[in-house]
Amino acid sequence: MPRELIVLHIGQCGNQVGCRFWDVALQEHAAFHAARQQQHEQQAPVFDEAMSSFFRNVDSRTGWEIPVAGEGKNPNPISSLRARALLIDMEEGVLNSLQRGALRDLFDPSLVVTDVSGSGNNWGQGYSEYGAKHKDAIMNSVRRAAEDCDSLQSFVLLHSMGGGTGAGMGSFVIEQLSDEYPDVFRFV
């Protein structure tokens, strides 16, 4: 069984790169299933173990997760995909555009952490001020995402290396993940 990955988008750069990442992941999945349908005459795309590494399959009516079918069982069709992702930015602009864009249904609104003023390209402000201020909200969101995993393998952090929120808050989040999830890999 594949192990799950949680992707954290931090700051403007992380959220813009993350949006493109999910767009390409969905395109790749669609292309794979189109080829598979032609070969095996399969009717509809299914939620399989490979997809469960990055996505959750959620019943759009109830919000409950639909599990991956076990070996030898008919696979479950895709109902509504949710990315295993947290969106973090201290300026609302990029997140608001993501939540109104084509991928808006892909992200769980309860896993979004935002503020209104931004870090103004200041690493210290992203790390010290916003890190401390939003630590509980971020770590609670990480916990909720981790609880939806059967076997969490790693965190993938998308953020800038210089600037404010992405770099400062990104550094802060990496430290928190190291403290709370020491056995889980962190890819930066």
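Is Arg20 buried, exposed or partly exposed? Arg20 counts as partly exposed, at 48% relative accessibility, where buried means under 20% relative accessible area, exposed over 50% and partly exposed in between, with a 1.4 Å probe and protein chains only.

Before I go on, a word on what we are looking at: this is a predicted model, in which local features need pLDDT of at least 70 and side-chain atom pairs count only at pLDDT 80 or more, while totals for chains, interfaces and linings use all residues. Residues are numbered from 1 along each chain as its sequence is written, and side-chain values use heavy atoms, with hydrogens and water left out.

Let me begin with the charged pairs. Side chains of opposite charge can pair when their charged atoms come close. The structure holds 5 salt bridges, a salt bridge being a side-chain nitrogen of Lys or Arg within 4 Å of a carboxyl oxygen of Asp or Glu. In one of them Arg20 is joined to Asp23, with 2.7 Å between the closest N and O atoms. The two residues are 3 apart in helix H1, residues 11-40, and therefore about one helical turn separates them; helices (H or I, at least four residues) and strands (E, at least two) are DSSP runs, numbered from the N terminus.

A second salt bridge brings together Asp115 and Lys133, at 3.0 Å from N to O. Asp115 lies in the loop between strand E7 (112-114) and helix H4 (123-147), whereas Lys133 is in H4 itself, so the pair ties together parts that are 18 residues apart in sequence. Asp115 is buried at 11%, while Lys133 is exposed at 52%.

Arg143 and Glu180 also form a salt bridge, at 3.1 Å from N to O, and this pair links helix H4 with helix H5 (residues 165-180) across 37 residues of the chain.

Turning to the sheet, we find an open arrangement of 5 strands with parallel pairing, in the order E7-E6-E1-E8-E9, where two strands pair if DSSP finds at least two bridges between them. E7 and strand E9 (185-187) stand at the edges with a single partner strand each, so one side of each is left without a neighbour in the sheet. Further in, strand E1 (residues 4-10) and strand E8 (residues 152-158) pair over 6 bridges in the parallel sense, and Ile6 stands opposite Phe155 in E8.
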